[in-house]
Amino acid sequence: MTRTDGYLLDDRPADAERFDAFAALFDATTFRHLESLGVGPGWRCWEVGAGGTSVAFWLAKRVGPTGRVLATDDDVSRFVRAVRPPVEVRVHDLCADDPPAERFDLVHARLGLAHVPDRERALRTMVRALRPGGRLLVEDADPALQPLLCPDEFGPEQQLANRLRQGFRQMLADRGADLAHGRKLPRLLRAVGLRCVEADVYFPLASPACAALENATIRQIRGRLVAAGLATDEDIDRHLANVASGAMDLTTAPMISAWGRKA
């Protein structure tokens with residue numbers, strides 16, 4: 001999916017640590033929802049903005065040899081393992097390209113729409129790709145709903161962590177990211193014509209994967225934080241050491257999952 005101009009966290013192969021952390025944090029929730037939607041043998045699935053490979057390959061096991069999984073993104077270089085049927089990998093820009101010609105039983109997108117410039121068009125593209133009765137599952141974070149990295153801010157280490165998180169959120173907002181996108185998903189899915197819309201939220205706290213994600217994210221944006229005057233190199237080195245100590249209870253923004261059915 002094409003991101004807004006100046007997206008801070010470019011999805012490059014060097015970001016494997018972030019994708020591994022996302023998988024550790026959110027795969028169990030995603031798989032639970034996919035199972036409840038009935039994904040099974042013979043289903044045709046479109047994994048949008050595939051990012052890491054874990055969801056696409058999980059879907060492949062569920063749909064089996066009679067099904068199909070199309071995994072798309074504007075950069076598919078992360079699919080370095082041999083890709084075999086039923087998985088197909090394809091470059092696709094959700095905001096510029098038409099949907100695939102085929103129709104799907106399931107379309108899924110996780111942690112990407114908040115950074116897409118035309119979110120309504122992106123949703124309508126995904127709905128157009130559904131067969132009648134097909135399901136759409138969209139999952140996105142809501143940093144504005146819970147803006148802290150350390151909800152229990154009891155010491156200077158936690159205060160520093162939250163200050164850096166505030167700077168990160170500000171840079172995202174300045175580049176067009178919708179920090180309240182997650183909570184809007186149920187309304188947006190109804191607005192594009194889906195029925196039986198439901199949603200829930202997952203909020204991890206004190207997971208080792210939260211620390212891994214924070215470490216990878218801060219190392220990736222440290223130059224921008226320093227250039228913007230939001231932190232010094234000494235601040236960042238101290239924060240990374242605090243994270244590595246394992247003594248901090250870190251969290252991520254809540255991830256809201258919303259799903260519905262095409263009439």
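Leu 240 lies in helix H7, which covers residues 233–244; helices here are DSSP runs of H or I with at least four residues, strands are runs of E with at least two, and both are numbered from the N terminus. The model is a predicted one, where local features need pLDDT of at least 70 and side-chain atom pairs count only at pLDDT 80 or more, while totals for chains, interfaces and linings use all residues. Residues are numbered from 1 along each chain as its sequence is written, and side-chain values use heavy atoms, with hydrogens and water left out.

Leu 240 has a relative accessible area of 13%, so it counts as buried (under 20%; exposed is over 50%, and partly exposed is in between, with a 1.4 Å probe and protein chains only). Leaving aside residues up to four places away in sequence, Leu 240 touches Asn 215, Ile 218, Arg 219 and Arg 222, where contact means heavy atoms within 4.5 Å. Ala 216 sits 24 residues from Leu 240 in sequence, and their C-alpha atoms are 9.7 Å apart.

Ile 218 turns up again in the lining of the largest cavity, together with Leu 164, Arg 165, Phe 168, Glu 214, Thr 217 and Ile 221. Helix H4 (156–174) and helix H6 (208–227) are the elements that give two or more residues to this lining, and H6 gives the most, with 4. The space in the largest cavity is about 40 Å³.

Now for the nonpolar cores, meaning sets of buried Ala, Val, Leu, Ile, Met, Phe, Trp, Tyr and Cys residues joined through side-chain atoms within 4.5 Å. The largest has 24 residues, and Trp 46, Val 107, Met 126 and Leu 136 touch the most other members. At least two residues each come from strands E1 (44–48), E4 (104–110), E5 (130–141) and E6 (194–202), and from helices H3 (119–128) and H5 (181–191). H3 gives the most, with 4 residues. Another core, of 21 residues, lies apart from it and includes Val 39, Cys 45, Val 63 and Trp 259.

Helix H5 is also the place of His 181. His 181 is buried, at 1% relative accessibility. Not counting residues up to four places away in sequence, the residues His 181 touches include Arg 119, Asp 140, Asp 142 and Leu 188.

As for confidence, pLDDT (the predictor's confidence in each residue, from 0 to 100) has a mean of 92 over the chain, and 94% of residues reach 70 or more. Over residues 1–6 the pLDDT is below 50, and this stretch has 25 contacts in the model beyond near neighbours in sequence. Where pLDDT is low, the predicted coordinates should not be read in detail.

Technical notes: On a 1 Å grid over the protein atoms alone, a cavity is a set of points where a 1.4 Å probe fits but cannot get out, and a pocket is an open set with protein on both sides within 12 Å along at least five of seven lines; lining residues have an atom within 4 Å of a point. Grid points are joined across faces, edges and corners, and a volume is the space filled by probe spheres set on the points.
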